[in-house]
Amino acid sequence: MNDTPQFLGRNVFDLDDYSAEEILYILEAAQGMKEINLREYKKIPTLRGKTICTLFVENSTRTRMSFELAASRLSADVVSFQASVSALQKGESLQDTVYTLDAMGIDLYCIRHSSPGSPQLVHKYSGKPVINGGDGRHAHPTQALLDIFSIWEKLGSLEGLKVTIVGDILNSRVVRSNLIGMKKLGASVTVCGPSTLMPGSMEDIYGCRVEYDLKTALQDADVVMGLRMQLERQTEGLFPSLEEYSKHYVLSKETIKWAKQDALIMHPGPMNRGIEILPEIADGRQSIIVEQVANGVAVRMALMFLILGGKA
Amino acid sequence: MKTLIKNGTVYIEGKLIKQDILITDEIITRVDDVIKVKADNEIDAEGLHVFPGFVDLHCHLRDPGQTYKEDIISGTKSAAKGGFTTICAMPNTDPVVDNIAAVEYVQRRAKDLGFCKVHVIGAITKKLEGAEISEMANMKEGGIIAVSDDGKCVQNAKLMLSCMKYATNFDIPLIIHAEDYNLAGKGQIHSGKICSQLGFSGIPTLAEEVIIARDIMLAENSKARLHIAHISTAKSLELVRQAKLNGMKITCEVTPHHLTLNEEACLGFDTNTKMKPPLRSEKDRKALVAALRDGLIDCIATDHAPHADFEKEREFDHAPFGITGFESAFAVLYDRLVTKGHLSLERLVEAMSIAPATLMNLGDKRISAGNPADLTIVDINDLTELSPETTLSKAKNNPWMGKKLKGKVVKTLCRGRITWEA
């Protein structure tokens with residue numbers, strides 16, 4: 001009997017294409033990868049001869065580095081395409097860009113783009129597997145996987161956990177993917193933020209709880225995740241000032257008391273210290289924010305390994 | 001020249017009855033149970049339906065200026081294939097049809113080269129900029145049937161009031177594309193469940209409704225003749241219903257896509273589900289169908305909006321709004337509404353021919369002696385299969401490409417001349 005999930009050649013557009021069993025399988029693979037990252041010589045030859053392209057049409061240094069490190073540690077060749085210095089700036093279409101890259105023999109694409117659905121386009125144009133590194137406000141499955149991995153590693157399971165995500169829910173792709181993934185693994189998620197930054201129909205779509213009051217939202221939470229609050233939202237007329245936002249939604253020593261005593265504190269970064277989270281919490285005993293970054297490399301290695309059929 | 005159409009099921013005064021039709025040159029000269037004359041051309045319509053030629057109040061022919069998307073020849077050919085004999089071209093070309101010279105250009109090209117009758121709609125404001133009133137009276141002399149800033153919407157209420165007063169002065173109807181720019185923002189699709197899920201900026205129903213409410217009030221004040229283009233929400237319908245109950249002369253149209261698709265069509269990121277107004281919720285869609293049935297919605301219009309492949313084949317939020325509509329209109333509505341029992345064939349035909357012509361004074365389109373021989377012959381048992389290879393439009397941006405739909409236009413006659421034959 002062979003019940004091992006099959007990943008060869010699959011896309012990672014979002015987590016809705018993956019079952020709970022498959023997600024757990026990825027987490028276990030990531031655990032193995034994490035061990036490699038702790039070695040003195042952080043490299044295995046498993047993807048030698050494969051070429052991975054990081055296609056970053058929207059700038060993101062951290063995520064791109066994480067993907068590229070993951071690929072290098074598996075011995076894949078990495079080519080990096082950045083929109084800011086590329087033909088896309090000269091008006092070349094995404095279609096032509098992908099045709100050009102594909103002609104050079106790419107085996108796997110990791111894409112970051114401001115347009116929802118663009119990973120699907122890259123797959124359509126190339127026929128190659130695509131890992132979504134964030135498409136607009138739509139999805140960010142590798143971030144969700146590393147968040148889930150971080151919780152799973154600390155607490156053993158997500159089953160029955162209460163996770164509260166606080167901040168600009170409207171503009172967060174991280175939230176959308178986490179809602180899908182965490183629910184599959186049995187966690188119940190509460191999203192919290194001002195009503196102007198809360199998309200409609202969240203309960204219907206994701207089966208989550210929506211709260212506008214931080215105290216209510218944090219009640220009994222096992223995990224608390226803060227989101228980056230951007231100043232642009234103020235000029236868009238969605239809230240009056242960062243100061244007022246902070247007063248009502250900041251994760252601080254005082255507000256964290258409303259959650260469970262040992263609740264894990266997370267943040268996908270980059271943080272605005274002093275706005276959505278205070279240093280005392282970001283750097284505090286309960287925080288796993290730095291570990292999240294380390295886990296990001298491991299999770300991305302696991303996906304690349306599984307999709308390209310690396311040999312264990 | 002005499003043409004005789006034998007044994008067809010003919011739409012006459014709201015009924016479908018077996019009749020023969022005799023055409024002499026461009027005019028219908030006799031409609032009767034049985035006509036026995038020697039004709040130069042006899043069309044056997046046994047098993048087929050004969051309808052008044054379809055009339056479209058809302059299309060974009062992209063000529064002048066964007067003829068890589070469509071031009072008057074390809075656009076009218078495509079219209080004829082869809083059974084249309086009369087269409088009305090929106091002014092958002094390049095340059096904009098906001099002066100009599102541009103009106104005359106479109107009319108002359110259509111008269112010389114077109115495959116159907118083309119009426120011109122002029123701009124409400126110069127260059128559609130929403131800043132100054134266009135030369136409506138001159139354009140009216142040139143033959144425009146209405147004014148519209150379609151694709152754009154006059155945001156300034158004071159200017160809109162002036163435009164309405166001025167248009168009314170010269171007895172020109174205004175066709176309203178209702179969209180509040182601030183509420184619509186950078187919206188890509190309907191602000192609803194699917195939008196929340198896909199992470200797009202949304203276009204709320206309010207963006208349409210606040211402008212319709214405003215324009216109804218402005219029209220009440222100015223006595224303007226308003227026609228609401230591509231109405232898309234349940235609440236908009238309530239606003240129009242109330243205005244009609246108050247005795248205002250206000251009419252509205254709906255597109256085939258808003259009647260048959262909802263926001264869920266956008267789930268696959270197909271840019272051919274992206275248009276303005278966006279595909280709304282299922283609740284809105286059902287309200288539109290009910291309103292078309294009960295006559296609150298006066299007619300159907302395609303909003304045929306051709307775009308080149310390279311424009312639509314890209315990231316969803318970078319693609320332009322709009323889809324083609326001529327060749328899919330009848331089949332989509334017949335297949336999705338009539339065969340499913342949501343709409344009668346008679347009402348569909350009425351709303352695609354007599355009704356739009358009547359409300360814009362485009363002439364008597366009934367199938368009766370003395371009227372122009374503009375006819376659409378349909379086989380309701382045959383299938384329409386849209387494909388990029390066979391479409392006559394230059395554009396292929398249509399969500400029903402590759403789909404098989406029941407109901408096929410087999411022949412179109414415009415002024416007695418066959419303009420399309422399957």
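Reply: The questions below concern chain B and then the domains of chain A.

This is a predicted model, in which local features need pLDDT of at least 70 and side-chain atom pairs count only at pLDDT 80 or more, while totals for chains, interfaces and linings use all residues. Residues are numbered from 1 along each chain as its sequence is written, and chains are lettered from A and ligands numbered from 1 in the order in which they are written.

Me: How do you know whether the radius of gyration of chain B agrees with that of a compact globule?

Reply: The radius is taken over C-alpha atoms, and the globule rule is 2.2 Å times the number of residues to the power 0.38. For 422 residues a compact globule would have a value near 22 Å; chain B has 20 Å, and therefore agrees.

Me: Why is helix H1 of chain B called largely enclosed?

Reply: A helix is a DSSP run of H or I with at least four residues, numbered from the N terminus. A residue is buried if 20 or more other C-beta atoms, placed from the backbone, lie within 10 Å of its own. Nine of the 10 residues of H1 (residues 72-81) of chain B are buried, so the helix is largely enclosed by the rest of the structure. Among them are B:Ile72, B:Gly75 and B:Lys81.

Me: What makes up the two domains of chain A, and how many of their residues are in contact?

Reply: Bounds come from an automatic or database domain assignment, which gives domain 1 (15-139 + 293-307) and domain 2 (141-292). Contact requires C-beta atoms, placed from the backbone, within 7 Å. In chain A, 23 residues of domain 1 are in contact with 22 residues of domain 2. H13(A) gives the most to the domain 1 side, with seven residues.

Methods: Buried ≥ 20, exposed ≤ 12 C-beta atoms within 10 Å, placed from the backbone. Helix = DSSP H or I, 4+ residues; strand = E, 2+ residues; numbered from the N terminus. Contact = placed C-beta atoms within 7 Å.
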